[in-house]
Amino acid sequence: MKKIPSKDKVSKAIKDILSTHLKLESQEDLARHAVKLLKKEDKNYTLSPIRVKRIALDIPEIEVKAKTKKTVKLQDIKNCPVCESDIRPLTVKNLLNKNIAIGYRCTSCSYQSDLEAFMPMRYIFILKSH
Ligand SMILES: [Zn+2]
């Protein structure tokens, strides 16, 4: 039976992994390492690369960069489809240190949308130096 690890557990796993690897070149890589670590606690844990990326975006010690030069044009969505609150673009820096939008995030609920469906994106995950 599959089990979903809590956000806190995933977040801790991501930090542990990056404190040894310092940098990982894709969300699939990060997810693979995180699942391996979490399975030591419970072998039924499962984790999708998109969820790993979303959680990594919320960790202040981790920098997420998009491996693209292109700026993706976002659809013009103004309100959250779940709660109708304001919606903000979710941005990360690309390799040229320019901010690019990678999806949307609701300002009040946990709704988040990725651009993955429109344009597969590669990410790098880096542990910020202290
Ligand atoms: Zn919302």
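Glutamate 84 is found in the loop between strand S2 (62–66) and strand S3 (87–94), where helices (H or I, at least four residues) and strands (E, at least two) are DSSP runs numbered from the N terminus. The structure is a predicted model, in which local features need pLDDT of at least 70 and side-chain atom pairs count only at pLDDT 80 or more, while totals for chains, interfaces and linings use all residues. Residues are numbered from 1 along each chain as its sequence is written.

Most residues other than glycine have a negative phi. Glutamate 84, although not a glycine, has a positive phi of about 65°, and asparagine 97, in the loop between S3 and strand S4 (99–106), likewise has a positive phi, near 65°. A residue is termed buried if 20 or more other C-beta atoms, placed from the backbone, lie within 10 Å of its own, exposed if 12 or fewer do, and partly exposed in between. Glutamate 84 counts as exposed because it has 12 C-beta neighbours inside 10 Å, and asparagine 97 counts as exposed because it has 7.

When neighbours within four places in sequence are left aside, valine 10 is in contact with Pro5, Ala34, Leu47, Val52 and Ile55, contact being defined by C-beta atoms, placed from the backbone, that lie within 7 Å.

How values were computed. Contact = placed C-beta atoms within 7 Å.
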